[in-house]
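Here is a model to go through by question and answer.

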Amino acid sequence: HTRTLTTPMFTSKILKGLLPAMYQASDEFLAHVAKQDFADLDVQALLQPCVCEMLGQVACGVKPNIMQKDPESNVFYQQLKKLLGKDNPGGRFLRIMLLVFLPKPLLQLLNVHFVEPEVVNWFADIMKNSIKARKESNVKLNDFVDYFVDLEANLDKLQYEEDQYDKDAMIADTRMSKLSPEEKENLVITTAFTTFFAGNDTTVVQLCLVFFYLAKEQEWQEKLYLELRDAIEDNDGNEHLDYAQLTGLKFLEKFVKEAMRNWGIGMIERVCTQDYHIPEMNVTIPKGSLIQIPAQSMMQEDNFFADPQKFDPEAHFEGDTLIPPSFYVFGQGPRNCVGMRFAWLIIRVVLLRVVAHYKILPGPDFPEKFVIDPRSAIGLPKGGVHVKFEARK
């Protein structure tokens with residue numbers, strides 16, 4: 001149900017409408033950056049308020065104002081940290097282990113939740129009130145809340161198809177018309193919450209990875225800066241590029257994909273839907289088995305990428321296809337990342353604004369490799385990614 005609802009949210013038409021709010025948040029982010037110590041910047045701590053502000057506006061329908069003062073004193077941001085488990089990382093890690101290994105009846109008996117219900121309800125109430133207020137006012141702000149408002153009356157008319165990646169993602173769902181009005185309302189609220197929750201840490205971690213390679217690969221960073229500078233000059237000096245101009249930044253796209261390819265999320269998990277025999281190995285995978293596809297190692301094979309150990313955006317991503325079949329960071333097939341285009345939009349806006357103003361350099365104790373701390377539930381190196389900023393003239 002949730003995938004069927006969220007898929008049409010990420011068409012180009014809807015994403016274009018999000019840009020004004022995202023640029024407003026990026027303006028506030030640049031002002032926030034200017035107050036920081038340029039000699040030692042923790043990328044995750046720096047970027048999390050910006051991404052949260054963007055998602056708060058376009059997915060929750062509120063203006064959190066996280067970066068106007070100290071983010072740590074902002075109630076919305078504090079609730080986000082609880083939602084993401086940052087207030088108690090050890091407790092979140094333990095819950096993940098329990099949810100993975102304990103049977104569901106025991107989890108229900110022990111009342112174990114991935115996220116505390118009161119935190120979920122805090123955000124759900126915000127989204128419910130935003131949707132209700134938008135219905136009553138009939139005001140259109142061209143954001144996801146507008147989409148959520150229209151959902152309940154149009155659940156059986158959802159359509160979305162932009163390219164082969166989208167065709168592969170389509171899943172038929174014939175049950176929507178059978179839902180009661182209360183079930184439809186709950187499903188819409190759940191969809192809004194999922195969009196906000198799933199988009200935060202995933203996007204920030206990918207940006208941390210990109211910033212790591214920006215600091216490490218100075219020549220490629222300069223090539224990216226020149227592309228951004230030319231695009232801004234072609235836009236009469238206005239850094240608020242439109243959607244077509246943003247998606248036309250092809251080297252930015254290649255750089256981000258190469259960073260992700262070098263250290264992509266480790267695996268893709270699928271459930272086998274029927275007994276499947278592999279003749280080359282004389283092995284039969286039983287129906288119901290959990291299959292883990294080693295996406296990270298596959299993106300390091302030379303039959304897919306020439307000289308795969310070398311960081312080379314132009315050699316490894318020559319075409320204009322956003323998600324080529326050999327690139328697995330956002331998954332492939334019917335369970336690929338439904339919010340992929342939205343994540344790309346956030347990444348493009350953040351990189352456009354930061355790299356246009358600052359040169360990113362290795363910070364204190366900058367690691368040689370992006371090696372994940374095994375205790376990190378979201379995939380960050382031990383101690384995080386620390387960089388320096390140098391203002392561009």
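Q: What makes Arg261 a charge that lies over the face of Phe305?
A: This is a predicted model, and in it Arg261 lies 5.1 Å from the ring centre of Phe305. The distance cut-off is within 6 Å, with a second condition of within 35 degrees of the ring normal. Arg261 is listed as lying over the face of Phe305.

Q: Which ring does the charged end of Arg392 sit over, and at what distance from its centre?
A: The ring is that of Tyr225, and the distance is 4.0 Å. The limit is within 6 Å, so the charged end of Arg392 is placed over Tyr225.

Q: Where is Phe327, and why is Phe327 called buried or exposed?
A: Phe327 is in the loop between helix 15 and helix 16. Its relative accessibility is 0%. Buried means under 20%, so Phe327 counts as buried. The C-alpha atoms of Phe327 and Arg261 are separated by 7.1 Å, although the two residues are 66 residues apart along the chain.

Q: How many aromatic pairs does a search of the whole structure find?
A: The search finds 23.

Q: Why is the pair of Phe76 and Phe123 called edge-to-face?
A: The ring centres of Phe76 and Phe123 are 5.4 Å apart, and the angle between the planes is 85 degrees. Centres within 6.5 Å make a pair, and planes over 60 degrees apart make it edge-to-face. Phe76 belongs to helix 4 (residues 75–83) and Phe123 to helix 7 (residues 117–137), so the pair ties together parts that are 47 residues apart in sequence. Both Phe76 and Phe123 are buried.

Q: What makes the pair of Trp220 and Phe251 stacked?
A: The planes of Trp220 and Phe251 stand at 25 degrees, with the ring centres 5.8 Å apart, so the pair is stacked. The limit for that term is under 30 degrees. Trp220 lies in helix 11 (residues 218–234) and Phe251 in helix 13 (residues 250–262), so this pair ties together parts 31 residues apart in sequence. Trp220 and Phe251 are buried. Ring pairs also link Trp220 and Phe251 into a cluster with Phe212, Tyr213, Phe255, Phe311 and Phe366.

Q: How do you know that helix 4 is oblique to helix 7?
A: Helix 4 and helix 7 pack at an angle of about 130 degrees, and their axes are 9 Å apart. Roughly perpendicular ends at 115 degrees and roughly antiparallel means over 145, so helix 4 is oblique to helix 7. The crossing of helix 4 and helix 7 is left-handed.

Q: Why are helix 10 and helix 16 called oblique to each other?
A: The angle between helix 10 (residues 181–216) and helix 16 (residues 340–357) is about 40 degrees, with the axes 10 Å apart. Roughly parallel means under 35 degrees, and roughly perpendicular begins at 65. Helix 10 and helix 16 are therefore oblique. Their crossing is right-handed.

Q: What is noted about the phi of Asn65, and why is Asn65 called partly exposed?
A: Most residues other than glycine have a negative phi. Asn65 is not a glycine, yet has a positive phi of about 55 degrees. Asn65 is in the loop between helix 3 (43–60) and helix 4. Its relative accessible area is 28%. Buried is under 20% and exposed is over 50%, so Asn65 is partly exposed.

Q: Why does Asp307 count as partly exposed?
A: The relative accessibility of Asp307 is 48%. Exposed means over 50%, so Asp307 counts as partly exposed. Asp307 is in the loop between helix 14 (295–298) and helix 15 (313–316). Its phi is positive, near 45 degrees, in a residue other than glycine.

Q: How do you know that strand 1 and strand 7 pair?
A: Two bridges join strand 1 to strand 7 (residues 386–391), in the antiparallel sense. At least two bridges are needed, so the strands pair. Leu41 has Val387 in strand 7 as its bridge partner. Strand 6 and strand 7 run antiparallel and are joined by five bridges, with Leu361 opposite Lys388 in strand 7.

How values were computed:
Residues numbered from 1 in each chain as written. Predicted model: local features only at pLDDT ≥ 70, side-chain atom pairs only at ≥ 80, totals over all residues. Heavy atoms only, no water. Helix = DSSP H or I, 4+ residues; strand = E, 2+ residues; numbered from the N terminus. Phe/Tyr/Trp six-rings, centres within 6.5 Å; stacked < 30°, edge-to-face > 60°. Buried < 20%, exposed > 50% of the residue type's maximum accessible area, 1.4 Å probe, protein only. Axes fitted to C-alpha atoms, helices over the stretch in contact; angles between N-to-C directions. Left-handed = near helix turned anticlockwise from the far one by under 90°.
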